[in-house]
Amino acid sequence: MPNGDVDDLLKLHEIRHLLQTGNPFDRTLTGIAQPEPMVSHWPWIVDAPYALLAVALAPFVGMEAAVSTAAFIVPPLLLLVAITLLFLVIREFEFEHPGAVLAVAAFAGLPSFAEFQPWRIDYHNLQMLILLAAALLTIRGGRLAAGLNGALMALSTAISAEMAPFLALPAGFYALTFIAGKKDTDKDLRAYGLVLAATGTAAFFVVVGPHAYTSAACDRYSLLHLTALAVTGVVLAGVSAAERAGSWRIRALCLLAGAGATAALLIFFFPQCAGGPLVGVSDYARDNWLSRIKQEHSAFLSPDFLSSDRFARFFLAVLGAAATCVLAISGKTTRRAWIVLAAFSTVGLLLGLLYLRYLRFFPLFVGPGVALLVHQGLPARLSLRRYFGARSDDGLPGVSLLAAPGVAIIAVLFLVQMVWPPAEMRPLGIDIARACEKAGAGFVWPDGARLFAPPNIGAAALGSPVGLEVVAVPFHTSAKGIERVLRFFDPATPDPARLLDETKATHVAVCRVEEETLKPVEAQFPLASRLATGKPPDWLVECPVAGLLRIYRYPAAGGPSGQCPVASR
């Protein structure tokens with residue numbers, strides 16, 4: 001497991017759950033006891049490629065080895081699909097040597113393609129395939145492409161509404177060309193709308209079980225999302241008839257009226273979701289957990305973003321995105337293709353600056369811009385230069401013009417952080433307990449044990465060979481368990497042991513920290529410091545284990561709390 005990301009660990013646990021239960025609609029994950037049941041917001045279709053391959057391999061190597069093999073093999077197989085789609089996108093441009101441009105695009109897109117490494121099994125790689133396919137179909141145009149784009153929008157929403165800002169781009173493109181009155185754009189809009197509504201409805205019955213047909217979950221595909229897709233699709237198909245009106249103002253007004261009516265309908269029938277998909281997270285958990293996750297920050301509010309290697313990985317992509325926009329407005333190239341690619345890369349960059357989790361997506365679309373940036377930057381006497389040029393490169397912007405906007409964006413980011421540096425996050429007690437991050441595996445726990453630990457440690461511990469339960473994992477649907485763990489290490493909590501009783505925890509795990517390291521904060525966070533340095537209160541007993549963790553029994557829980565875990569190897 002070379003990655004070990006907590007999302008991948010949870011996804012692996014979810015795949016095992018699907019294989020064990022055989023019920024794709026049961027998303028209540030075993031092993032996570034807050035004590036409230038935890039329901040995953042990932043649909044079973046994102047687990048399907050791994051589960052199907054595991055089932056095929058299991059008769060030969062056993063189920064657990066088959067799951068491991070599938071988790072290792074499937075992401076690189078998806079990478080082959082992604083590279084193929086990227087090559088097809090590049091062929092839509094007027095490059096003399098699309099293979100050479102593909103190499104440049106793959107290098108510039110490394111921050112995105114990292115999502116396809118073995119064991120990277122969360123849903124982002126699947127979403128990237130959808131994004132590449134959507135960009136390709138939007139570039140090609142036509143009624144068939146519009147219909148397929150509608151299907152992709154519905155499929156992506158069934159997986160996660162996270163991609164909505166990207167997948168709204170094709171719809172916006174069809175709407176704008178329809179307003180402009182271009183030939184056959186009413187047919188494109190109608191095809192997009194009808195297929196969007198039909199696929200959204202079909203996806204509902206594929207993803208949602210009969211027991212949840214009438215529920216309106218805000219964070220996973222439900223009646224809310226079905227209504228949004230179906231109504232939007234029907235409105236777009238209906239508005240396409242306004243093409244006969246002959247006035248662009250009437251067409252625009254019809255689209256705006258339809259969008260407003262759809263939004264009002266959703267707010268009226270689903271007011272509980274007006275605050276977004278994470279409305280169920282308490283303010284305490286939001287302030288002390290969610291808002292402290294680095295990828296949930298804005299680039300402008302992240303203290304270490306520009307000084308980290310993370311930004312260095314996106315440096316070339318920022319230049320490529322800006323160059324793509326220059327080429328889109330220059331009018332010297334294949335205009336539709338560049339406009340579409342510029343829209344995808346610009347939205348990705350803007351979203352990434354506002355919300356760092358989106359930075360992983362926009363490097364997918366910067367390859368052609370980087371290729372022409374390289375072409376214009378190389379001396380004319382070098383034969384290598386011709387591999388990155390277009391068939392007709394007369395009148396292309398010079399390298400200075402192509403690079404200037406990207407350099408300006410990077411300079412502004414540095415200037416803003418110098419003038420208005422982000423505030424450092426205040427320390428919390430749980431920061432001590434989780435200082436070793438994901439060090440939670442490697443133990444065999446007594447049967448029936450329930451572990452009370454920081455969420456990342458809990459996620460890593462789920463791989464135990466025995467049926468261990470954990471109180472918290474770093475997943476928003478585990479927010480109640482997360483809040484209890486946060487409060488346990490919060491010095492303002494008067495009776496921390498009450499939280500162990502409430503969750504029926506048998507063991508507590510924290511990171512092992514040297515006493516000298518904690519002296520400056522020991523008085524501020526007494527319980528976390530005592531546990532991290534091996535000086536527990538009298539209601540906990542330390543287990544004799546080595547490694548990065550300190551593990552304590554909670555004798556008052558009875559049963560499995562009388563035993564300590566042992567090293568698995």
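## Overall build

A residue counts as buried when its relative accessible area is under 20%. By that cut-off, buried residues make up 53% of the 569 residues in this protein. The model is a predicted one.

The protein contains 22 helices and nine strands. Its radius of gyration is 26 Å, close to the 25 Å given by the globule rule for 569 residues, so the protein is as compact as a globular protein of that length. Along the principal axes, the C-alpha atoms fill a box of roughly 80 × 60 × 55 Å.

## Contacts and surface

Of the contacts between residues at least 6 apart in sequence, 68% join residues at least 24 apart.

## Helix α16

Helix α16 covers residues 399–419, which is 21 residues. From first C-alpha to last, α16 reaches 30 Å, close to the 30 Å expected at 1.5 Å a residue. The helix also has a kink of about 25°, centred on Pro405.

The buried residues in α16 are Leu402, Ala403, Gly406, Ile410, Leu413, Val416 and Gln417. An α-helix has 3.6 residues a turn, so residues three or four places apart point the same way. The cover over the buried residues of α16 includes α13 (309–330), α14 (335–354) and α15 (367–377).

## Thr503

Thr503 belongs to helix α20, residues 497–503. Thr503 counts as buried because its relative accessibility is 0%, and the cut-off for buried is under 20%. Leaving out residues up to four places away in sequence, Thr503 touches Gln34, Pro35, Arg450, Phe452, Val471 and Arg484.

Technical notes
Residues are numbered from 1 along each chain as its sequence is written. This is a predicted model: local features need pLDDT of at least 70, side-chain atom pairs count only at pLDDT 80 or more; totals for chains, interfaces and linings use all residues. Side-chain values use heavy atoms; hydrogens and water are left out. Helices (H or I, at least four residues) and strands (E, at least two) are DSSP runs, numbered from the N terminus. The expected span of a helix is 1.5 Å times one less than its number of residues. The bend at a residue is the angle between axes fitted to the seven residues ending there and the seven starting there. Buried means under 20% relative accessible area, exposed over 50%, partly exposed in between (1.4 Å probe, protein chains only). Contact means heavy atoms within 4.5 Å. The radius of gyration is taken over C-alpha atoms; the globule rule is 2.2 Å times the number of residues to the power 0.38.
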